[in-house]
Amino acid sequence: VQNELVNTKAFSKQDLETGGYKIVTTIDKSKQDLMFSTISPSQNGMQGIAPDGMQFGALSVNPKDGSIISLYAGDDYLTKQLNNVTQATYEVGSTMKPFALLAAVNEGVSLNTYFNGNSYRTFPGITETVSNYGGENLGYVNLYTATEQSSNTVYMDLQTKLGAQKIAETARQAGVDDSSLDGSNPFTVLGNNALTVKDMTAAYATLADQGNKPTLHIVASVKSSAGKDLYLAPSSTERVFQANDTNLVTKALTGVVQSGTATEALNVGHTIAGKSGTSNNSYAASFCGYTPSVVSVFSMWYPDANGNPQQIPAFGQWTGGSDYPVHLFT
């Protein structure tokens, strides 16, 4: 709250500490409590089952105006000051692929176009071969199926055709606020860049609101001690993509839940669009899901004592991949 208001230049830190203002946030208390009880290992029965030190972050927003509904930034500020929504980063994995899809649609590519979805393929500038999850050979598939099944090789094809820079640019246009996503990584499309939960939520909010980009915010209003309005949240959006283009991407992303890598989310009982992601080296796993009125991102990663990423092991009934974030979302 403090950072957001100081960044508007309308208030100084001292104003906020001494002004006697009434500050109202956008948080929905019941949904905030629900998110905490769902994701916190100390609340959801996963303490001692999930590896000790595993980190979780989650954010729900209203894509129509950018207001934050609920967030999970970690359990205890006193033991860990890094905010798991706005500061800690994780490899976003295949949740980057929809921005390659959007870039392709922007270039006029039909989602019915067929690509080679087999494993062990080579790509320019990359020495080792690229495979799908588990080395699966999908044969020739269109972009709907490639998205549902999260084919790495088809998406590397798209990157070869579009250029990694174009994919990075599209994600940043959608709302990723991190200049390190610049297309210099040879696996940009497979999400080897480390970003924040807030970055991914902002970018998916633009897809959910049909190409209108909202400004994510946690402050609804500030009133003076006398009840005078001093500040109202920025609730307008900026059109950055055509609605037709983002709607095609959303259509492809409903297939991920209907018959792809996130079928547990069918239990929500609404039509959900979304994308799961596990980073190449299993350092992180996440799910970004949305309806027209809510976008929610659930992510997990496993730093060692020095903050270096480690592979997430299987725990409880979960593989250590995106099945657990999909479960938390559902």
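In this predicted model, five strands form an open sheet in the order β3-β2-β14-β13-β12, and their pairing is antiparallel. The edges are taken by β3 (67-72) and β12 (273-278), each of which has a single partner strand, so one side of each is left without a neighbour in the sheet. On average, neighbouring strands of this sheet are turned by 10° against each other, direction ignored.

- Strand β2 (residues 55-62) and strand β14 (residues 295-301) run antiparallel and are joined by seven bridges.
- Within this pairing, Val61 of β2 has Val295 in β14 as its bridge partner.
- Helix α3 lies across β2, β3 and β14, and runs at about 30° to β3.
- Strand pairing in a sheet takes place through backbone hydrogen bonds, in either a parallel or an antiparallel arrangement.

**The three-strand sheet**

- Another open sheet consists of three strands in the order β1-β9-β10, with antiparallel pairing.
- Strands β1 (22-25) and β10 (229-232) stand at its edges; each has a single partner strand, so one side of each lacks a neighbour in the sheet.
- The twist from one strand to the next averages 15°.
- Four bridges connect β1 with strand β9 (residues 219-223) in the antiparallel sense.
- Thr25 is placed opposite Val219 in β9.

**Aromatic pairs and the nonpolar core**

- The whole structure contains 11 aromatic pairs.
- In one of them, Phe315 and Tyr324 have ring centres 5.2 Å apart and planes at 80°; the pair is edge-to-face because angles over 60 degrees are classed in that way.
- Both partners are buried: Phe315 has a relative accessible area of 4%, and Tyr324 has a relative accessibility of 2%.
- Phe315 and Tyr324 also belong to one aromatic cluster together with Phe56 and Trp318.
- The largest nonpolar core has 93 residues, of which Phe99, Met200, Tyr204 and Phe315 touch the most other members.
- Helix α8 (residues 197-208) gives the most to this core, contributing eight residues.
- When neighbours within four places in sequence are left aside, the contacts of Phe315 include Met46, Ile49, Ala50, Pro51 and Met54. Met300, Gly320 and Tyr324 are also among the contacts of Phe315.
- In soluble globular proteins, nonpolar side chains tend to be buried together.

**Salt bridges**

- The count of salt bridges comes to five.
- Side chains of opposite charge can pair when their charged atoms come close.
- Lys29 forms a salt bridge with Asp33, with the closest N and O atoms 2.8 Å apart. These residues are four apart in helix α3 (residues 29-39), so about one helical turn separates them.
- Lys29 is exposed at 56% relative accessibility, whereas Asp33 is partly exposed with a relative accessible area of 38%.
- Arg121 and Asp157 form a salt bridge in which the closest N and O atoms are 3.0 Å apart. This pair links distant parts of the chain, 36 residues apart: Arg121 lies in the loop between β5 (114-116) and β6 (140-142), and Asp157 in helix α6 (residues 152-162).
- Arg121 and Asp157 are both buried.
- Glu169 and Lys166 meet through their side chains in a salt bridge with an N to O distance of 3.8 Å. They are three residues apart in helix α7 (residues 164-174), so the separation is about one helical turn.
- Both members are partly exposed: Glu169 has a relative accessible area of 39%, and Lys166 has one of 29%.

**Positive phi angles outside glycine**

- Lys9 is not a glycine, yet has a positive phi of about 70°.
- Lys9 is located in the loop between α1 (2-7) and α2 (13-18), and is exposed at 74% relative accessibility.
- Gln210, likewise not a glycine, has a positive phi of about 55°.
- Gln210 is located in the loop between α8 and β8 (212-213), and is partly exposed with a relative accessible area of 38%.

Conventions. Residues are numbered from 1 along each chain as its sequence is written. Side-chain values use heavy atoms; hydrogens and water are left out. Rings of Phe, Tyr and Trp (its six-membered ring) pair if their centres lie within 6.5 Å; planes under 30 degrees apart count as stacked, over 60 as edge-to-face and the rest as tilted. Buried means under 20% relative accessible area, exposed over 50%, partly exposed in between (1.4 Å probe, protein chains only). Two strands pair if DSSP finds at least two bridges between them. Helices (H or I, at least four residues) and strands (E, at least two) are DSSP runs, numbered from the N terminus. Axes are lines fitted to C-alpha atoms, for helices over the stretch in contact, and angles run from 0 to 180 degrees between N-to-C directions. A salt bridge is a side-chain nitrogen of Lys or Arg within 4 Å of a carboxyl oxygen of Asp or Glu. A nonpolar core is a set of buried Ala, Val, Leu, Ile, Met, Phe, Trp, Tyr and Cys residues joined through side-chain atoms within 4.5 Å. Contact means heavy atoms within 4.5 Å.
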